[in-house]
Amino acid sequence: MSTNLELLKILTDNLTLRDERIRKNEYVLRRFFNNSSQLLCILDSDGIFLKVNKQWFKRLGWIPKDLKHRNFLDFILESDKEKSSVNFKLTESKHIVKFVSHFLTKEGKIKKFQWTLTPDREIGCIYAMIKILKHDGEE
């Protein structure tokens with residue numbers, strides 16, 4: 001009987017350690033996402049914003065609530081929408097997709113974005129990192 005109790009204790013201790021590691025990893029990833037100096041977001045496979053980091057507010061004026069459940073194309077300049085849509089669809093067949101488009105800030109100003117999209121087909125989302133460009137290069 002004591003062998004079963006010892007085995008149960010070992011299993012319980014192992015599960016506790018695993019859960020602590022998972023919580024720590026989640027904490028580190030959350031901090032990385034929220035404290036990055038780059039614009040980061042997660043989109044669903046249709047281009048709907050699921051999550052944005054704090055830089056969207058700091059640099060563009062958008063709070064997460066403004067963007068969540070909206071398509072990224074809603075904020076793209078009309079002249080760039082078709083090109084951006086075509087590039088976004090490339091995530092269905094490519095591992096990394098890069099393109100440039102113009103994005104509206106909360107105040108209605110226009111920022112030139114360089115998008116880098118990485119699809120995660122297993123869970124059906126797309127990770128995006130965006131650089132804001134000046135006319136002659138990166139901001």
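Student: Leaving aside its neighbours within four places in sequence, which residues is Asp-80 in contact with?
Tutor: Asp-80 is in contact with Ser-101 and His-102. Keep in mind that this is a predicted model.

Student: Where does Asp-80 lie?
Tutor: Asp-80 lies in helix α4, which covers residues 78-89.

Student: And is Asp-80 buried or exposed?
Tutor: Asp-80 is buried. Its relative accessible area is 7%, and the cut-off for buried is under 20%.

Student: OK, now His-102. Which strand is that in?
Tutor: His-102 sits in strand β3, residues 97-104.

Student: What does His-102 touch, not counting residues up to four places away in sequence?
Tutor: Asp-80 is one of its contacts. The others include Phe-75, Ile-76 and Leu-77. His-102 also touches Ile-110, Lys-111 and Lys-112.

Student: How accessible is His-102?
Tutor: His-102 has 25% relative accessibility, so it counts as partly exposed.

Student: How far apart are His-102 and Asp-46 in space?
Tutor: They are 19 Å apart, C-alpha to C-alpha. In sequence, 56 residues separate His-102 and Asp-46.

Student: Let's zoom out. How many helices and strands does the protein chain have?
Tutor: It has 4 helices and 6 strands. From the N terminus on, the order is α-β-β-α-α-α-β-β-β-β.

Student: Why is the chain said to be more spread out than a compact globule?
Tutor: Look at the radius of gyration, which is 20 Å. The globule rule gives 14 Å for 139 residues. The chain's value is well over that, so the chain is more spread out than a compact globule.

Student: What box do the C-alpha atoms fill?
Tutor: Roughly 75 × 30 × 25 Å, taken along the principal axes.

Student: Where does Asn-25 lie?
Tutor: Asn-25 is in helix α1, residues 2-35. At 48% relative accessibility, Asn-25 counts as partly exposed.

Student: What separates Asn-25 from Gly-108?
Tutor: Their C-alpha atoms are 38 Å apart. Along the chain, Asn-25 and Gly-108 are 83 residues apart.

Student: Back to the whole chain. What share of its residues is buried?
Tutor: Buried residues make up 34% of the 139.

Student: And what about its accessible surface?
Tutor: That comes to about 9400 Å². Carbon and sulfur atoms account for 56% of it.

Student: Switching to charges: how many positive and negative side chains are there?
Tutor: There are 26 positive and 19 negative side chains. The centres of the two sets lie 5 Å apart.

Student: How many disulfides does the count come to?
Tutor: The count comes to 0 disulfides. For Cys-41, the nearest cysteine sulfur is that of Cys-125, 10 Å away. A disulfide needs the pair of sulfur atoms within 2.5 Å, so Cys-41 is in no disulfide.

Student: Last one. What is the phi of His-69?
Tutor: His-69 has a positive phi of about 70°, although it is not a glycine.

Student: Where is His-69 found?
Tutor: In the loop between α3 (64-67) and α4. His-69 is exposed, with a relative accessible area of 62%.

Notes:
Residues are numbered from 1 along each chain as its sequence is written. This is a predicted model: local features need pLDDT of at least 70, side-chain atom pairs count only at pLDDT 80 or more; totals for chains, interfaces and linings use all residues. Side-chain values use heavy atoms; hydrogens and water are left out. Helices (H or I, at least four residues) and strands (E, at least two) are DSSP runs, numbered from the N terminus. The radius of gyration is taken over C-alpha atoms; the globule rule is 2.2 Å times the number of residues to the power 0.38. Buried means under 20% relative accessible area, exposed over 50%, partly exposed in between (1.4 Å probe, protein chains only). Accessible areas come from the Shrake-Rupley method with a 1.4 Å probe; for residues, only the protein chains shown count as cover. Lys and Arg count as positive and Asp and Glu as negative; His and the chain ends are not counted. The place of a charge is taken as NZ of Lys, CZ of Arg, CG of Asp or CD of Glu. Contact means heavy atoms within 4.5 Å.
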